[in-house]
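Have a look at it first, and then we'll go through some of its pieces.

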Amino acid sequence: MHTGLHGRGALFDTDPPGLASRLVGLRPYQLRSTPYEHPGELPFVVFAGGRGLGKSAVLRELRDAYRGHTPVALIDGEDRQFAAPPPERPAEAWSPVGQALTTIAEQLAEPVTGAGRIGFPRLAAGLLAVAAGGWSNRDVPRIRQEAERILLLNETGSWLSGFAGRWVSKVISKLVASMSGTGPVVEPIIEATLEAFAEGIAPAHRRLRKAATWYRDYPNAGGSPKLALILLSRHFRAGGDSLRHAERHLVRALLADLDDAYSGVMQRSHRRGRPVVLIDNVQEPAGLGLLEPVLRDRADGITDQVVFCAALRGYAHPALRNAGRRTLPEAARESGWEPGTSPSSRALLVSLPPLTPDDTLHIVDTVAQGPSPAPGAADVPPHLPHATHRLTGGSPLGITLLAGSARQNLPQGADSLGQLLTADVALHEDRDGRPTYQELLAHLVPGGRLDELTVLAAAHDRDSACVLAEAQLPEDFGASGVLDLEERLTAEGWPTASGQFVGDPFLRALLLLRLHHGDPDHARWRAVHRTLVDHYRDTGEPAAQDTARYRLHHELALGKADSAVAHLRDTFPRTDTRVWLSSLLFIASAPYFHPHDPDGRDFDGHDHRASVALGRTDAAQQPPDSVDAVLHLRVRRLLHAVWQLTDPLVLPDPKVTERLRFELEQLSNLRPAGNALLWRASRDWPADALAGRPFHVPGDDDEIGNGGR
Amino acid sequence: MARVWTWLREDIWEIRFRRYVALTLVAALVGLGVWGGMTAAKENRSCAPGVVQPKGSDECVGVSWTTYAFRRPQFAETIRAINRENHRLSPGSYVTVALLEPFTASDADNLGDVLHELQGAYLAQYQANHDTTGLKPKIRLVLANPGATGAHWRHTVDQLERMTKGPDRLRAVTGVGLSTDNNKKAVQELTRRGIPVIGSSITADDLANGQDGKDPFPGLARVSPTNTDEARALASFAKVSAADAFLVYDRTGDPYTRTLQRSFEKMLKGSRYEAQPFTPPADRSKEGSTANVFAQVSNILCNTPKTTDTVLFAGRHTQLRQFINALGARGCVDRRFTVLTGDEGSYLAGDKDLDPAALKDPLLTVRYTALAHPDAWPKDAARTGGSAADAKVLRDLLASAAREPAGPIGKVGLDDGQLIIAYDAMRLAVHGIRGASPTGKVPALRDVGLQWPQVKGKQLRVNGASGWICLDAHGNPYDKAVPIVELTPDSRTRFVRIAWPEGKPPAKECLPPS
């Protein structure tokens, strides 16, 4: 069976069974059982990762894979319905968890192959008691509406239960009738509910009676379901810890109802596998309100057999302190998870890795060309998949959107990454397109502060960021804004990298692209870089070596290569080769968008780096008299070659690659001391460039400048 | 196909409830299929209710209680009359008597016999059910066919036994027909299972009780005298001297020919001549090659002294006919011969294969002992052992059977005596049944057979149309009238006179001596 996701085989494999199969007990997309890995208690699986890593896609895929075969529910903690109560509904009778439970139960109730609807009488009774806390006898239509939604959770769709719709309207009439006068509402409603549950002798009604008695164990209820529900309603309205307590019981009610659907010989003979609850953005209140009670109950020995899979933005959360940690590939064959003693140890944090170059190739091929390419379709340039992977670092969102852009824009002749990024992409056929990089940023950095982050993307650390904020951003932003953004980036799971304020190269590239295209004459772009050039101006201090490379980096970004060439040429004979190479890489990692005239203005719209690197402009160059002209030109060619080949936005040019190899070989002859290192680089870098890998100083595992994560 | 397989694998097999339901359904379907296949593969071998074709045979054998006529149209009218009579009986008021005859016989002689037996049995049934005294129980008549040669006797006997239990209440079997080995086995098995049997035309000595003091057929009663008795009657009639008689006999023999041969041999003790055997084909109604043998036998006869004028023939009727034809063509036309034989001679009357020249030969006389003859009592003056009045009862019945409600019963022929003897046998069966149940209730099966030794004396004897039927302790008739019949030149029979096994008619009391 095909799954729509690439690179997630560890989760969706069938043979040998992947993580999903082993948890649910069913193969994805097939109604075929597989052995459980955790027949007793199973982990609360939390997929961790930053934005754009495909967590939501994984959850959606899980839902699609099991829909119709076993009960599945998918909620998103960021969904608007969990943010605030609907209008007219009093806030004290509503909570994100209550809303989430209703939504989950509605989805889980759907019939599956072999079995009918699941009824949730316990949850319905609890939710009704809670909702009654917000009712008064003035707004009967709203009461009807809310009560109907809750009571329909009882619906099993079995012909044995008769016309459930009729039962619901009967009960609602009873509830409304019970609210006489101006007295308290909750008690009569609960009384009428329990009365309605206790009526009838059909099997469905027996189920309801059993459900009503379930609440007898509520603390301090003294064995009376009625008192229990009144207390539940009161606790819920009280807020704070009482609310947590009430919510925990509601979650328990949902799980008990689910348990009911799986207990008994007849029930079990109708169902295979376990029910699945998927919670996206579990860090939001609606998600945490489900995660914490479930973990606590499981730690307390109140077990359930529900497969919980959640998606957490970032890689850590206070509620998951002791959770088991795996990467997805580690959990491919077995998770090896064992529950500990603390509630959070009942969770298994599975981090989603970026996609591999192979996955990128498959996605670009399938998305850009479709499964069966039409004869007239434009061919995908052979380097595009690798370049895409190099730019995105394996981000599924980036790869998919770029491939989508390629499908829409390749026929128009846009074949470089820069062109594909700036070209419009329409995510839906009925929607207007907008530039791909904007579309990507909208997904990666939603919720404001994008303008500020765009400016700060040029910064290298907190200091340079503060300088930039002071010079380029509104006054009220300031240093605190910088810290706030820095924390937000970490919280959302973005990686950090030394030497860059925005650690993730893909996000940084997009932000810099946005910075460049922010205004027609790129004034902002130039202003930002000049600010940083000033910040890193040569102070003559011992650390000048370091500040120089920053300054030269930004000068290069502004199109001025001369001082960089001079610096590299002059330092070549006397500096340690390793340091020199890393300086070269850092300086050459400067963003490049258009050739600029000395004033920083575009003049022809063509990338001149390749022609410089290939020596076509050497004749026009006048190296200073006092220097070794050959070395000067060689360093100049080398700088432009590295600049071109490490530019994430440009497809590597094979001719430049070849030239790079040659220049490095030549340089290695000039420096007997660093001979081996330069020689190694002359072999590694061309290969890395062609393979779409970032350049590294040979033998140096630290990532410098243009690196991965 | 793959989709169906996936559907079966995932949507049926994986859901245990559906798996079990599907397995149950499949098992039921397979069972149904197997049953259907077996039913379809099984030939419909049923001919009519109760009548089937056994494997490897195209004969319809079994017990019939409908209007099914065994594909013999000549039986149809009589069987319809029987069916009508059977349907007049109210349920529970009757017992059943089966008429065991080879209904599927194919040769005209046997068919004629069976028809006459059928008619006789029916007339007795009709009389028993409609007699003015209103005696009970009423009698239902069913037809049991063991096959033309009796080969399927076991099937029919099994079926008859089943009918003794349950609502049929079978209480006696009459008829039996010829004294063949199969019939003997059938009678043996029927009596072994306690079913009373009344033989109508069986005459063989070894198909009777009391031979050598043994009773191998408990519950068997006979209406016809044994071959021995016939031979004794014949001897008393013809005054055969051992010196002047010549015996021709069936070498392989069946119970009838063997006992007749033995009786003749007893008479001819000290004969001058060796007896002449012949070997007939297995089915004695077939011609075979015996005609040549008889031509030579007649040649031998011509070589005997002139005083030898009596030929005793112990064989079946086909061979008898061939023998008479051979004698008719004998060389010594001047010699007078009288052929004496048992009741098989009755088949000769009207036999178209009989040489007319032989019949018209004034020096050749054929005489035989008939089981019964219509002219016997009206013409004979014997005052005991039977009466013309008893014979007239049957004649009156026959007259009434020409039309509704009793008839019609088809073409009637009395000359061969089968009708008369079958009528008497049925009357004896009714006598036994009613004797076993003086209150008119249904008698126990075995009680019927226990009645036979008491059928004697003035009151308890059966005054049959063929003569008195007084049974001895073994169920054999005592001193039963034996009509001697002669074949006329126009191929008819002429009653000569009644002969008596004891040499004279029984006394009025009709009690066999000890």
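Start in chain B, where strand S11 (residues 310-314) and strand S12 pair in the parallel sense over 4 bridges. Pairing here takes at least two bridges found by DSSP between the strands. Keep in mind that this is a predicted model, in which local features need pLDDT of at least 70 and side-chain atom pairs count only at pLDDT 80 or more, while totals for chains, interfaces and linings use all residues. Residues are numbered from 1 along each chain as its sequence is written, and chains are lettered from A and ligands numbered from 1 in the order in which they are written.

**The strands in chain B**
- Thr310(B) sits opposite Thr338(B) of S12(B).
- S12(B), residues 337-341, is mostly covered, with 4 of its 5 residues buried.
- "Buried" means 20 or more other C-beta atoms within 10 Å of a residue's own; "exposed" means 12 or fewer, "partly exposed" is in between, and C-beta atoms are placed from the backbone.
- Strands are DSSP runs of E with at least two residues, helices are runs of H or I with at least four, and both are numbered from the N terminus.

**A helix pair in chain B**
- H9(B) (residues 290-302) packs on H10(B) (residues 317-328) at about 45°, with axes 8 Å apart.
- That angle makes H9(B) oblique to H10(B), since under 35 degrees counts as roughly parallel, over 145 as roughly antiparallel, 65 to 115 as roughly perpendicular and the rest as oblique.
- The angles run from 0 to 180 degrees between N-to-C directions, and the axes are lines fitted to C-alpha atoms, for helices over the stretch in contact.
- By class, this contact has 7 nonpolar, 4 polar and no charged residues.
- Nonpolar covers Ala, Val, Leu, Ile, Met, Phe, Trp, Tyr, Cys and Pro; charged covers Asp, Glu, Lys and Arg; the others, Gly among them, are polar.

**A helix pair in chain A**
- H4(A) (residues 96-108) and H11(A) (residues 240-261) pack at about 10°, their axes 10 Å apart.
- H4(A) and H11(A) are therefore roughly parallel to each other.
- Their contact splits into 9 nonpolar, 1 polar and 1 charged.

**Chain A, and where B touches it**
- Chain A holds 30 helices and 8 strands.
- Of its 709 residues, 49% count as buried.
- The contact between the chains takes 8 residues from chain B and 9 residues from chain A, where contact means C-beta atoms, placed from the backbone, within 7 Å.
- Chain B's side of it divides into 2 nonpolar, no polar and 6 charged.

Technical notes. Contact = placed C-beta atoms within 7 Å.
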